Amino acid sequence: MSVELFGCSPGEHNALMDVPGLGVGHAACEDGAGDSGVSVVVAPGGAVASVDVRGGGPGTRETDLLSPENTVGAIHAVALCGGSAFGLDATSGVMQQLEREGIGFPVLGEMDPEKKIPIVPGAVIFDLLLGRWDSRPDAATGVAATKAALQALRSGDADTQKGNVGAGIGAAAGALKGGFGQASAVFPAGTPLEGKTIAAAVVVNPQGTIVDPATGLPWGLAAELGDEFAQLSELRHRGVPRQVREQLNTMNLYGTKIPAEMAGAHPDLPRLNTTIGVVATDAPITKAQTKRLAMVSHDGLARAIRPAHMPMDGDTLFGLSTAVDPTTGTTPKDAPSVDPMAMSMLSAVAANCVERAIVHAVLAAESAFETPSYRDILARS
């Protein structure tokens, strides 16, 4: 068991939907039978948002408008998509479904309040080599994931899925099967952020490895809250067997996607990566502060994945706050934005949530597309 720096504990579901105002839903392409998918985070009431891109090969949509100096104040969903650049088509489906639901920015104001444009940024991972090349998310996949996210929010039935779901279906974490992961934290009484929640949802598909070559255990275990990684307790005590560590380390170059012997290796293989995700809170923060939240959250990514932010990754994290006026996209007057001290605490815990979400994604992943999962390798030891 470990203790979080500020005394935080996991939220009720240890998932992104512990943040009020958000819904999470997933869909696989080809009416659920495909080899890739989409994970959608909806914020029907609007969320202040920004983004930070650290990888050298990103695939994104509508991220320029999230810069703090630009006009749009609130977004209504984020689409996390498989399918590489083709998968950005799913974002159109998210917009279509939100418009049908009457969710979006009323561009004509009181003159015609029914005319709304949903603001939906998105990002993609490269997963086209796991499964069929032409199995990609499209607008219909985006519609299905959005319906699922709205249903989860309206029913109050929080989505806690992890592993091979949504955009995580075709993900690979280095040489191992990757996936979708979630984690949350709630600030305790007596802190400036008392009762506020911070959470992360991450699609884990990096070039780097999530496993420490020396121990055979995930890098991100140090961020554990309570006993959330209890399935590894025995291994942490007695150590991962040497033959298992050797197997993990000889899968490419120390478990990464980089071939151990570059001679004769396909030159494009190490480029097929990217880790993307959302970090959200119900603490009232400004658009500039959501940018800072997204930036600092990458620290958790870099602690749980090594190496990270490489030229062949497209690492992208969105920062969100649901403590907003949905019309103006600003924090309510009765809830001024947090001060620098509280923002420092929020940022530190956000990075830990990303780190924990990455570990959850890999622990929940199942072997697929001839790519072994971490838990299956441990089970064979």
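Modeller: Happy to! The sulfur of Cys-353 lies 7.7 Å from the closest cysteine sulfur, the one in Cys-8, which is too far for a bond. A disulfide here is a pair of cysteine sulfur atoms within 2.5 Å.

Biologist: Is Cys-353 buried or exposed?

Modeller: Cys-353 is buried, at 0% relative accessibility. Cys-8 is buried as well, with a relative accessible area of 7%. Buried means under 20% relative accessible area, exposed over 50%, and partly exposed in between (1.4 Å probe, protein chains only).

Biologist: Before we go on, what kind of model is this?

Modeller: It is a predicted model: local features need pLDDT of at least 70, side-chain atom pairs count only at pLDDT 80 or more, and totals for chains, interfaces and linings use all residues. Residues are numbered from 1 along each chain as its sequence is written, and side-chain values use heavy atoms, leaving out hydrogens and water.

Biologist: New topic: where is Thr-146 found?

Modeller: Thr-146 sits in helix H2, residues 139-155. Helices (H or I, at least four residues) and strands (E, at least two) are DSSP runs, numbered from the N terminus. Thr-146 counts as buried, at 0% relative accessibility.

Biologist: What is Thr-146 in contact with, leaving aside neighbours within four places in sequence?

Modeller: Val-40, Val-42, Val-94, Gln-97 and Leu-98. Contact means heavy atoms within 4.5 Å.
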